[in-house]
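The account begins with the overall fold and then turns to one pair of helices.

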Amino acid sequence: MIYITASSREEAVSLARALVGERLVACANILDGATSVYWWDGRVCEESEAVLICKTRADMVDSVIRKVRELHSYACPCVVALPIEAGNPAYLNWIRTETGG
């Protein structure tokens with residue numbers, strides 16, 4: 001599973017469509033209205049963002065990161081992979097199938 005933040009819902013939708021369209025991820029959920037507080041350029045910033053939660057295979061993570069870095073508006077986008085430890089076997093198989101596995 002990959003966690004990504006975006007500057008807006010529109011950017012999140014654009015990223016999701018590209019990632020799903022290229023079968024890098026099977027699904028991308030978009031959670032709009034997140035507030036992020038973070039350090040950047042030596043100061044604390046607070047911004048509204050949208051969050052993408054993407055489901056894919058572990059061997060696709062590097063390709064997802066490359067694609068997000070190519071398309072994202074941020075100089076240093078948040079793209080963090082988290083392992084899926086367990087789940088509905090049929091759903092996990094669907095992820096494999098939809099990402100060419």
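This is a predicted model: local features need pLDDT of at least 70, side-chain atom pairs count only at pLDDT 80 or more; totals for chains, interfaces and linings use all residues.

## Secondary structure

Read from the N terminus, their order is β-α-β-β-α-β-α.

## Overall dimensions

The protein has 101 residues and a radius of gyration of 14 Å, which agrees with the value near 13 Å that a compact globule would have. Along the principal axes, the C-alpha atoms occupy a box of roughly 45 × 25 × 20 Å.

Of the 101 residues, 35% count as buried. Among contacts between residues at least 6 apart in sequence, 67% join residues at least 24 apart.

## Packing of helix 1 and helix 2

Helix 1 spans residues 9-21 and helix 2 spans residues 61-71; the two pack at an angle of about 140 degrees, and their axes are 11 Å apart. Helix 1 is therefore oblique to helix 2, since only angles over 145 degrees count as roughly antiparallel. The crossing of helix 1 past helix 2 is right-handed.

On the side of helix 1, the contact is made by Glu-11, Leu-15, Ala-18 and Leu-19, while helix 2 contributes Val-64, Lys-67, Val-68 and Leu-71. Sorted by class, this contact of helix 1 with helix 2 comprises six nonpolar residues, two charged residues and no polar residues.

Technical notes
Residues are numbered from 1 along each chain as its sequence is written. Side-chain values use heavy atoms; hydrogens and water are left out. Axes are lines fitted to C-alpha atoms, for helices over the stretch in contact, and angles run from 0 to 180 degrees between N-to-C directions. Helices (H or I, at least four residues) and strands (E, at least two) are DSSP runs, numbered from the N terminus. Angles under 35 degrees count as roughly parallel, over 145 as roughly antiparallel, 65 to 115 as roughly perpendicular and the rest as oblique. A crossing is left-handed if the near helix is turned anticlockwise from the far one by less than a right angle, and right-handed if clockwise. Contact means heavy atoms within 4.5 Å. Ala, Val, Leu, Ile, Met, Phe, Trp, Tyr, Cys and Pro count as nonpolar, Asp, Glu, Lys and Arg as charged, and the others, Gly among them, as polar. The radius of gyration is taken over C-alpha atoms; the globule rule is 2.2 Å times the number of residues to the power 0.38. Buried means under 20% relative accessible area, exposed over 50%, partly exposed in between (1.4 Å probe, protein chains only).
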